[in-house]
Amino acid sequence: MLRQLIKDLRLAPLRSVLTGLSMLIGIVAVILAVLAGTIGKDYLVAINEQLYGRTPLVTVSMNSPRLSDAEDFSRLADAIAAKNHETAIVLNLDTDITFSPGTQSSGGIKGDVVATTPGYSSIYNLPMKSGHWYAGGERSTASIVVNLAAEQNLPKDSTAYAKTNQTTIATPFTVTGVVNDGRTDPTIYVNAQALTQYMRIVSQSATILWLDSPQLGKQRVRAVVEDILFDSIGGSVSGVQTIDNAQSYESVISVMQIAFGVCAILLLFVSAIGIVNIGLASLESRTRELLVRRALGATRASLIGLVIGSQLIIGLSVSLLAVAISVCAVGALPAFLPAYSPLQPPAFPVAAAIAAVSAALATSIIGSLVPAIRAARLQPALALR
């Protein structure tokens, strides 16, 4: 039977190619439509995490007169990290710090200076272009990380010299890496532990970034931070805020996925119409052939199996080809993304591929039912005309 079906397909190669092309376009379009919706969702989430941090994020504003002391600040940082490793402390500097590429530079780089602990990189989606983020415990290492806008003046492995209004001698900091933070202005992320150790800075307030993975809630986080302050350096909490703006883009993501889903269904529907049209057209051209087979003793069931079987063979072959093309397309996407893009290479949508292939095979059967039934109803006597 299989050999007969293959021979039957080879009798009209153009018809087989057109049928297969219609199915191929439908399957690939469905997979790519779902993939486009997934990429759009991941892109929105990645940009949000790059600019505003991962959610849910609890920010705790605190005050303490001992933040400028190197040992006290390190004690506080270690105590907070022991409670939750996905935390960071951002110092609110009362002293202006400028970084210059050389000791003789008259002016520093105009931009933002973020004095924070190493955990900052685990809260924000900050892909590294080169180098690495400064690690925890580097109290004796004066290191900074710069963003793309500051890389031109402070490339990786270079030395940046920091000064304040109260200092005359510049302090050297090593640029350990370049990060993509999504900002257009130059931004320098300096190791706050090294900053308090090597430079005379003034800071009596800070913001604790607490990624609330266990969902403790802001009141519980506040109580934990107050206990840590009481046991370490003293101070008080002035405010707590929860940053969870996922709902702001969830509606956009839902609309986007619905739109791409509707497009995928319409593409599959158009493909099904094409299969039915091609099947009816092929039936018209094969009417005499089927009549002769019917006159020679072929049963109606064999004619139905012949028509449906041909479509199934085409469907299976084209499905394998469509999945292979889709896999290659997904595999080629990282080549179009920069190595430091916040968007991670998407995974192949296996569920969408299974659904598309199943729908295509079902469409092959349903689409060939009408031609098959019409072929079975042909009267053998018509072959004598």
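Let me start with helix α3, which spans residues 70–83. Helices here are DSSP runs of H or I with at least four residues, numbered from the N terminus. Arg75 and Asp72 both sit in helix α3, three residues apart, about one turn of the helix. This is a predicted model, where local features need pLDDT of at least 70 and side-chain atom pairs count only at pLDDT 80 or more, while totals for chains, interfaces and linings use all residues. Residues are numbered from 1 along each chain as its sequence is written, and side-chain values use heavy atoms, with hydrogens and water left out.

Back to the pair. The side chains of Arg75 and Asp72 form a salt bridge, at 2.6 Å from N to O. By salt bridge I mean a side-chain nitrogen of Lys or Arg within 4 Å of a carboxyl oxygen of Asp or Glu. How exposed are the two partners? Asp72 is buried, at 10% relative accessibility, and Arg75 is partly exposed, at 37%. The cut-offs are under 20% relative accessible area for buried, over 50% for exposed, and partly exposed in between, with a 1.4 Å probe and protein chains only. Arg66 joins Asp72 and Arg75 in a network of salt bridges.

How many salt bridges are there by this rule? The count is seven.

Two others, briefly. Lys156 and Asp157 form a salt bridge, with the closest N and O atoms 2.7 Å apart. Asp157 is exposed, at 53% relative accessibility, and Lys156 is partly exposed, at 33%. Arg54 pairs with Glu49 in a salt bridge, with 3.9 Å between the closest N and O atoms. Arg54 is partly exposed, at 26% relative accessibility.

Conventions: Helices (H or I, at least four residues) and strands (E, at least two) are DSSP runs, numbered from the N terminus.
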